[in-house]
Amino acid sequence: MKEQLEEQKENQPRFLPSPPADPEITETVTEEQPSARKSVCFEEPESIKKNVPAKRGKNFKGLLKTSSGTNNAKKKPKQTAVPKIDYITTEEFASIPRYMLGRIKYEQINSQVDELNALTTRRYKILDTPPNKQSSENMKRFTRMMDEPEVKEAKDAIWFDSEDLKDLAPSLKITLFNKVLPILRHCQRLRQIRVGKKERYIVLT
């Protein structure tokens with residue numbers, strides 16, 4: 001008997017095969033193991049990536065204010081640059097022919113220049129103001145000015161006409177203006193053309 005036992009020990013393999021595992025238990029364990037789970041990566045939409053900066057530094061809040069201010073900024077109405085008619089100098093006054101000057105004084109000429117500068121400024125302020133912001137009185141003037149025909153001689157020029165003299169410069173004396181006008185033309189401050197039944201005066205710069 002002892003000899004049979006010793007013989008079995010000698011013939012017994014060193015490692016015995018493990019019993020087969022239960023397939024149901026194997027599946028359950030496999031699902032519960034963290035290492036066997038598939039990792040899912042959620043990508044952010046491109047719209048979010050574009051709108052969210054990678055780093056929010058100190059200037060991030062200032063950037064938001066700037067962008068919002070740019071979008072909400074209102075367009076300013078255009079402002080026409082109205083040149084001023086220069087005063088007549090003493091040298092120019094001395095060169096004016098005597099027949100043209102008559103009894104007109106030096107101060108009277110430059111006083112008329114001030115009146116004409118105020119007139120042109122008022123005229124183009126009305127033209128630059130949107131119609132919905134015009135007073136009823138200025139709206140009539142605006143309509144009249146917009147209906148005035150364009151001519152090649154006055155294109156891209158600053159000018160006023162005889163109707164503006166009556167409507168926009170009530171303190172201006174037409175009789176004195178008619179006497180000063182040849183002097184202003186002689187000194188190249190104004191140019192006079194006729195458009196229809198109205199005289200048009202172009203400011204020379």
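At what angle do α7 and helix α8 (residues 136-146) pack, and how far apart are their axes? The two helices pack at an angle of about 90°, and their axes lie 9 Å apart. Axes here are lines fitted to C-alpha atoms, for helices over the stretch in contact, and angles run from 0 to 180 degrees between N-to-C directions. This angle makes α7 roughly perpendicular to α8; angles under 35 degrees count as roughly parallel, over 145 as roughly antiparallel, 65 to 115 as roughly perpendicular and the rest as oblique.

The structure is a predicted model, in which local features need pLDDT of at least 70 and side-chain atom pairs count only at pLDDT 80 or more, while totals for chains, interfaces and linings use all residues. Residues are numbered from 1 along each chain as its sequence is written, and side-chain values use heavy atoms, with hydrogens and water left out. Helices (H or I, at least four residues) and strands (E, at least two) are DSSP runs, numbered from the N terminus.

Helix α7 (residues 106-128) packs with helix α10 (residues 174-186) at an angle of about 95°, their axes being 10 Å apart. These two helices are therefore roughly perpendicular to each other. On the α7 side, Ile109, Gln112, Val113 and Leu116 meet Leu176, Phe177, Val180, Ile183 and Leu184 of α10, where contact means heavy atoms within 4.5 Å. The residues of this contact comprise 8 nonpolar, 1 polar and no charged. In this classification Ala, Val, Leu, Ile, Met, Phe, Trp, Tyr, Cys and Pro count as nonpolar, Asp, Glu, Lys and Arg as charged, and the others, Gly among them, as polar.

The contact of α7 with α8 involves Arg122, Arg123, Ile126 and Leu127 of α7, together with Asn138, Arg141, Phe142, Met145 and Met146 of α8. Its residues divide into 5 nonpolar, 1 polar and 3 charged.

Asp164 and Arg123 meet in one of them, at 2.8 Å from N to O. Asp164 lies in helix α9 (residues 162-168) and Arg123 in helix α7, so the pair ties together parts that are 41 residues apart in sequence. Asp164 counts as buried because its relative accessibility is 0%, and Arg123 is buried at 2%; buried means under 20% relative accessible area, exposed over 50%, and partly exposed in between (1.4 Å probe, protein chains only).

Arg144 and Asp167 form a further salt bridge, at 3.6 Å from N to O. Since Arg144 lies in helix α8 and Asp167 in helix α9, this pair ties together parts that are 23 residues apart in sequence. Arg144 counts as buried at 17%, whereas Asp167 is partly exposed at 25%. Both pairs belong to a network of salt bridges that links Arg123, Glu137, Arg141, Arg144, Glu148, Asp164 and Asp167.

Elsewhere, Arg189 forms a salt bridge with Glu92, the closest N and O atoms being 2.6 Å apart. This pair links distant parts of the chain, with Arg189 in the loop between α10 and β2 and Glu92 in helix α5 (residues 90-95), 97 residues apart.

Strand β2 (residues 190-195) pairs with strand β3 (residues 198-203) in the antiparallel sense over 6 bridges.

Key
Pairing = 2+ DSSP bridges. Salt bridge = Lys/Arg side-chain N within 4 Å of Asp/Glu carboxyl O.
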